[in-house]
Amino acid sequence: MRIEEETNDGTKKFDGFFSTILHIYLDERDNREGETLGLVPNGFTEPTTIKDYPIRDRKVILHVRRRRYKDADGRSIILNHYPLKSDGTELSVEFGVFLKDDPR
């Protein structure tokens, strides 16, 4: 995990609300167990960028990388397919549900 903070220049739409932008970089842990222990780690996927709920006057952007593995045949496979973004958006699933429930 790595965290970086940058000053917001306010050039993008709706960015004028936030003083800074907080970038959080997350890498998936190696959580193999059982029959998947035979897979060989093969780095990470390209990061998925997710706009998440603001934290204390900071716009939050998550950068998530999933682990890649190779099987016995040498083909690259990815484990743990879970939804990171709401369909058709760059928002996290939870943040999308929060906005959807907002009566405005």
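Glu4 is partly exposed in this predicted model, with a relative accessibility of 35%. Its salt-bridge partner is Arg2. The closest N and O atoms of Glu4 and Arg2 are 3.1 Å apart. Arg2 is also partly exposed, at a relative accessible area of 42%. Side chains of opposite charge can pair when their charged atoms come close.

Three salt bridges were found in a search of the whole structure. Another of them joins Glu5 to Arg58, with 2.6 Å between the closest N and O atoms. This pair links distant parts of the chain. Glu5 belongs to strand 1 (residues 2-7), whereas Arg58 belongs to strand 5 (residues 58-65). The two residues are 53 residues apart. Glu5 has a relative accessibility of 46% and therefore counts as partly exposed. For Arg58 the value is 27%, so this residue too is partly exposed.

Asp27 and Arg65 form a further salt bridge. Here the closest N and O atoms lie 2.7 Å apart. Asp27 is partly exposed, at 39% relative accessibility. Arg65 is partly exposed as well, at 29%.

Arg58 in strand 5 pairs with Glu5 in strand 1.

How values were computed: Residues are numbered from 1 along each chain as its sequence is written. This is a predicted model: local features need pLDDT of at least 70, side-chain atom pairs count only at pLDDT 80 or more; totals for chains, interfaces and linings use all residues. Side-chain values use heavy atoms; hydrogens and water are left out. A salt bridge is a side-chain nitrogen of Lys or Arg within 4 Å of a carboxyl oxygen of Asp or Glu. Buried means under 20% relative accessible area, exposed over 50%, partly exposed in between (1.4 Å probe, protein chains only). Helices (H or I, at least four residues) and strands (E, at least two) are DSSP runs, numbered from the N terminus.
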